[in-house]
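Please prepare a briefing on the structure shown below, written for a reader who will work with its coordinates.

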Amino acid sequence: MKILTLHVDYINFKPLKKALKKIADLPEKEKEGQKIGESLVVLTAVEKGDTVKESVGELVKNIEDIAKQVKIKSIVLYPYAHLSSNLASPETAEEILREAEIELKKNFKVVRAPFGYYKEFELKVKGHPLSELSREIRTEGKQVQEEIYNASQLLREISKSKLDTSKLKDNDHRIIGQEMDLFSFNEVAPGMVLWHNNGLIIKNGLTDFWREEHKKAGYQEISTPQMMDSKLWKVSGHWDKYKGNNFISEYEKRLFLLKPMNCPGGMLVYKARPKSYRDLPLRVAEMGVVHRVELSGVLSGLFRLIQFTQDDAHLFCADEKQTKEEIKKIVELINFFYNKFNLKFDHVELSTRPEKRIGTDETWTKAEKLLEDVLKDLKIKYKVNKGEGAFYGPKIDFHVKDSLERTWQVSTIQLDFSMPDRFELEYTDRDNSKKRPIMLHRVIYGSLERFIAIMLEHTNGRLPTWLAPVQVRVLSFTDRNEPYARKVIKKLGEAIPEMRMDADFRSVPVPTKVRDAELMRINYIIVVGDKEEKGNTVAVRVKGDKRIKTMKPEEFVKSLKKEIQEKR
Ligand SMILES: [Zn+2]
């Protein structure tokens, strides 16, 4: 609730018309409004979350306190929605004011201005220094203006969030993202992405592909809550180890944590139904949105965010042998993804026990040896990163090299003997005994957002056709070619309904249209002029290529269809 108290010499107000449909008509005499002498005017805006029980008492206490200070016995309760942009329901607001009136009437003379009406009012605020608010309000309506002014001032500040490109290289994904209209950032959401339609097409494309391939590889998919009670994070160990790096919220006097990791939710899903050795190895994937507190100074486009999407998966294995087999399969899957995106596999790092950790030394030794054995079996050369493991287990990190010869750590496989212990995970073995599964955590893209940044810089925005936000743009050479161009669009659209195609029929020179399409990194630019119209053909310009090929629309459809289907 927001209130603004004004100690006035007088206030005159008059209802004009209803602001809310459901409000009952006023009695005749109230329609004329009122003129009230010296009093304390209390402008109020009841907000979402205010409850009758608590708000009435607080409101009355505050008013009594101020009234005592200015030595006044006359109160005007004045509903004033402009104070807030987060208003409660009219029912709640009216009830709070009605109840407050009853309470205040025990000690004061109270007038309540009509609720749910537009009103005109005039008042003269006293100039004494006792009330901070009255000092600000000297003339009629000043405070009103100030509130509105503040909101638009804030809006101007928010709208100023523009990308400063002065320190960025030309191929920075933030510049490419702006040129292709993929995403933006705003200072009201530091380290969080506002995905535009074009950018979401890429994100969804990567997700769909991921889902398809994981289904083929025998994974299930789950989704777990964004926020869970601190109890859970105390069990998982996140509460003690990383309290300062997490966003904490409150609900009904319970502390909640915005999930920084998907694992604990995954544990709850595992425990929800009894498991047997027949269920193992169990591969459970989750495209999970996580939040981690980062200093605003280290945030950097899509590379380092506060909110990001992990292509997580947890694998539960019966024994060490099964665990080794599963790790090998994950390595295969990782390689398959890198090949798809033309990223070169560069090197592997094995990260061992860190200082902050859970689990016994014996367990750590066993876990580290298991990972080393797998790498040796696969004949993968690796470098040891002492002390860089996760707090629950050692890990293998995969580094790739992009077209600019830069290396990135993308995928990770982590071995975990601890989490299953902490969550008391079990499965029933052949002999009916209860056993603990061994657990693997792994990501392939890592952070989906970061992977998109790598891909944008790796390809300079020229994404493979299957992933590109706009795959085809049709340009008319002159206005008179527009009808033929429309026919071509219809034909192509019917042949490949899933094709992402748009058109540029503006009356600007063709080189301008081509330049704009190039800036958007559209894969195929189709130009139709008189010559094409006469020959029933199209002139196709492949992205990043100066050459133009004239062909029949059917020919183009055939090759494009193949390209999309094969995800090239
Ligand atoms: Zn995990």
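Lysine 379 sits in the loop between helix H12 (361-377) and strand E16 (382-385), where helices (H or I, at least four residues) and strands (E, at least two) are DSSP runs numbered from the N terminus. Although lysine 379 is not a glycine, its phi is positive, at about 55°, and with a relative accessible area of 74% the residue is exposed. Here exposed means over 50% relative accessible area, buried under 20%, and partly exposed in between (1.4 Å probe, protein chains only).

This is a predicted model, in which local features need pLDDT of at least 70 and side-chain atom pairs count only at pLDDT 80 or more, while totals for chains, interfaces and linings use all residues. Residues are numbered from 1 along each chain as its sequence is written, and side-chain values use heavy atoms, with hydrogens and water left out.

**Other backbone features**
- Most residues other than glycine have a negative phi, and most peptide bonds are trans.
- Glutamate 252, in the loop between strand E11 (248-251) and strand E12 (254-258), has a positive phi near 45° and counts as exposed at 61% relative accessibility.
- Leucine 280 and proline 281 are joined by a cis peptide bond with omega of about -5°, and proline 281 belongs to the loop between H10 and strand E13 (282-291).

**Zinc site**
- The zinc ion is coordinated by Cys263 (SG), His314 (NE2) and His441 (ND1) at 2.0 to 2.3 Å, where donors are N, O and S atoms within 2.8 Å of the metal (3.2 Å for Na, K and Ca); water is not among the atoms, so sites may look incomplete.
- Cysteine 263 lies in helix H10 (residues 263-272) and histidine 441 in strand E21 (residues 438-447), so this pair ties together parts that are 178 residues apart in sequence.
- The donor residues follow the spacing C-x50-H-x126-H.
- Cysteine 263 is buried, at 3% relative accessible area, and histidine 441 is likewise buried, at 3%.

- Helix H14 (residues 448-458) is mostly covered, with eleven of its eleven residues buried; among them are the charged-type residues Glu449, Arg450 and Glu457.
- Alanine 517, in helix H16 (residues 510-519), is buried with a relative accessible area of 0%.
- Apart from its neighbours within four places in sequence, alanine 517 is in contact (heavy atoms within 4.5 Å) with Arg473, Ile522 and Ile525.
- The C-alpha atoms of alanine 517 and methionine 180 are separated by 9.5 Å, although the two residues are 337 residues apart along the chain.

**Whole chain**
- The protein chain has 18 helices and 26 strands.
- Its radius of gyration, taken over C-alpha atoms, is 33 Å, well over the 24 Å that the globule rule (2.2 Å times the number of residues to the power 0.38) gives for 568 residues, so the protein chain is more spread out than a compact globule.
- Along the principal axes, the C-alpha atoms fill a box of roughly 90 × 80 × 45 Å.
- Of the 568 residues, 49% count as buried.
- Among contacts between residues at least 6 apart in sequence, 74% join residues at least 24 apart.
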